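Subject: Structure handover and what I found

Hello,

Here is the structure you are taking over. Please open it first, then read my notes below.

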Amino acid sequence: MRLLTHNMLSSNVKGVVDGFPLRLEAEKWVEKEVELNVDFLRHIFHKIEWKALAGAARAVGYGELPDEADAAMLDAEDFLRRFHHALLEIHVEEGALVCPDTGRRFPINKGIPNMLLNEDEI
Amino acid sequence: MWFLCVFYHRLLDYRRPEVESLAELFGAFGGGVGEESSSTRSLEWKLPDSHHLDSPFHFVSFPSEEIARNVANRSILVKGLYELWGQGSSYEELEKAIKEFPDERKLPYLLSESSFRITVDSFGKVISFKEQNERIQGLSYIPFKGRVDLRKPDHKFWLIETDDYGSTNGLPPVVQRTVFFGREVGAADRKLLPTYQLKSRKYLGPTAMDAEIAFLMANQGLAQPGKLVYDPFVGTGSILVAAAHFGALTMGADIDIRVVRDGRGPNCNVWSNFEQYNLPMPISLLRADNNMPPWRPGLTEVFDAIICDPPYGVRAGGRKSGGRKLLKGLVAPYSVPQEKRVDHIPSTAPYSLAECVHDLFDLSAKMLMIGGRLVFFYPVVRDENSINVQFPEHPCFTLIASCEQILSLRYSRYLLTMVKTGVYTEEIKESAMKMHLDFKENHLKWLEDGNLHSAVFSPADSQEVPDGKPKFDRDSKPKYRGKYV
């Protein structure tokens, strides 16, 4: 699971009002190089909850993202590279996403987050 | 500029929509993709005199040769786009037409420093090698100065012939013999198909999408670099593989954890299907329920296309969360004991196609960019009512193409291509729910659980109509088989 996915997911357990951001508990992660696509980054930037991304990046030991970001920073190549790296090049293989409200753990195995709810959560 | 467009004689319904989609992709309509008009603009088409709509020969107009070339080269069903130098119902007429075609458009392609090749092709008839040679010799009135190169010529010329015949041989009727001669501008790369054919795919499921159709779906979804394509019923990833081939970033979800996570081992899973073709891995694969998507509430307009083959209960049925029966002695509500939560496998319930399509619309209306495309298959029972098929609708979407593929005597599937033309709001959500219930009530009894399956698989004698004749009379089929190809 890459951090872009983390940024898109929330806990949808019944009764949870604000299930975002999920706390990332990473046990194992790898870094894989991905080709940088500037157009995609510019487009997706506006969809990203920056604080959640920076927080998730810190959870996997990447502290190079600023705490705040605005669209003007997309012109700086250095910023683009860091954004790209955090968003797409870190793969969480094992771990969990934890609901901030209820503490429900959504496991991540073999890179796949399991977002399916139990019978008493729907 | 007009071009002769010769199609492969297959998937007839898919041919023009594919060209239209690729025209949009390569900017034939000017401006960026995404304006509301993208659902209404289309190319100008003509048919040669006395040709049936299902004929492989069409004329189509593009703003430039470059766009035409891009469209043809990316397509799956365009055998070739040609600059037409002449046509006629006989070789005498053809000669006259070619001689009348302006020199300034011919001579740049006949220069002595260039190489060329002439291919003789036919539709609905066979031309022997000897006859082919004679036909080529017969073109000596064209002043070819270049060198012949059969392998990698600079310019490819085509002489294509089709005879007049009735409709008895299963081909679309042609009233008059026609001979075309033209210069090739571009052609589909059908070598993709053996490369990606399912029988050499490492990880396959029972409903893996055929490579040719998957490419057509990716073309309808305008997959290209920098675009994000999502498949909510990803399975073994066969649709996303096609989208990734065209450079799109991909995401997929499935309710079945074994399919997306485990596959058949470390080197035979969804990831390995991408690795096999050296394609970039999906951005994300996750296990989620289309009925209860886990996307964060504020997230909207993030995907460029949603391309999928929803489970419609013929070869594989849909599942959603829920459906657990209480064990004896327990009282509602159902709960999972704390110590058993870790490896608990939640139960699932059947997921009818009507509900599935409604959820797909809701997800797409919310998550697609304006101008983004929703491309999915929709099954239809073939009976006397299927002449006017009613497709499901949503206030945010405009249907731009519906392509039928007949699967058996009893049912066919339509590839629906829709453009998101309206912004998603809470009011829209409610009115879409009303439309859905209305549609379900009026049209879709057979979409309910199991009905489609029984329509497809029940024995023939149970399908007799009151007057005793079987519903599907094989002899009553018209000789021309149309969409069966």
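How many bridges join strand E5 (residues 115-123) of chain B to E7(B), and do the two run parallel or antiparallel? There are 8 bridges, and the strands run parallel.

Before the rest, some ground rules. This is a predicted model, in which local features need pLDDT of at least 70, side-chain atom pairs count only at pLDDT 80 or more, and totals for chains, interfaces and linings use all residues. Residues are numbered from 1 along each chain as its sequence is written, chains are lettered from A and ligands numbered from 1 in the order in which they are written, and side-chain values use heavy atoms, with hydrogens and water left out.

**Strand E7 of chain B**

Helices (H or I, at least four residues) and strands (E, at least two) are DSSP runs, numbered from the N terminus. Two strands pair if DSSP finds at least two bridges between them. E7(B) covers residues 155-162.

E7(B) is mostly covered, with 7 of its 8 residues buried. Buried means under 20% relative accessible area, exposed means over 50%, and partly exposed is in between (1.4 Å probe, protein chains only).

**The two chains**

Chain B has 485 residues, and 54% of them are buried. It holds 13 helices and 17 strands. Chain B exposes about 22,300 Å², and carbon and sulfur atoms supply 51% of that. These areas come from the Shrake-Rupley method with a 1.4 Å probe; for residues, only the protein chains shown count as cover.

Chain A has 122 residues, of which 55% count as buried. It has 4 helices and 4 strands. Along the sequence they follow the pattern α-β-α-α-α-β-β-β. The accessible surface of chain A is about 5,400 Å², with 46% belonging to carbon and sulfur atoms.

Now look at contacts (heavy atoms within 4.5 Å). Take those between residues at least 6 apart in sequence. In chain B, 75% of them join residues at least 24 apart. In chain A, the figure is 67%.

How confident is the predictor about chain A? Its mean pLDDT is 93, and 100% of its residues score at least 70. pLDDT is the predictor's confidence in each residue, from 0 to 100.

**The sheet in chain A**

Chain A has an open sheet of 4 strands in the order E1-E2-E3-E4, with antiparallel pairing. Its edge strands are E1 (23-31) and E4 (112-113), and each pairs on one side only. Strand E3 (residues 105-109) of chain A pairs with E4(A) over 2 bridges. In E4(A), Pro113(A) is the bridge partner of Ile108(A).

**The cores**

A nonpolar core is a set of buried Ala, Val, Leu, Ile, Met, Phe, Trp, Tyr and Cys residues joined through side-chain atoms within 4.5 Å. The largest has 126 residues. Leu24(A), Phe83(A), Trp295(B), Phe303(B) and Phe376(B) touch the most other members. Domain 1 (2-190) and domain 2 (193-457) of chain B both give residues to this core, so it lies between them. The domain bounds come from an automatic or database domain assignment. Another core lies apart from it and has 20 residues, among them Cys5(B), Leu43(B), Val60(B) and Val185(B).

Leaving out residues up to four places away in sequence, Phe83(A) touches several residues, including Leu41(A), Ile44(A), Trp50(A) and Leu74(A).

Val302(B) sits in the loop between strand E11 (284-287) and strand E12 (303-308) of chain B. Is Val302(B) buried or exposed? Val302(B) counts as buried because its relative accessibility is 1%. Beyond its neighbours within four places in sequence, its contacts include Met8(A), His43(A), Leu228(B) and Met367(B).

Ile400(B) is in strand E16 (residues 397-406) of chain B. With a relative accessible area of 30%, Ile400(B) is partly exposed. Ile400(B) and Glu20(B) are 380 residues apart in sequence, but 9.8 Å apart in space, C-alpha to C-alpha.

Best wishes
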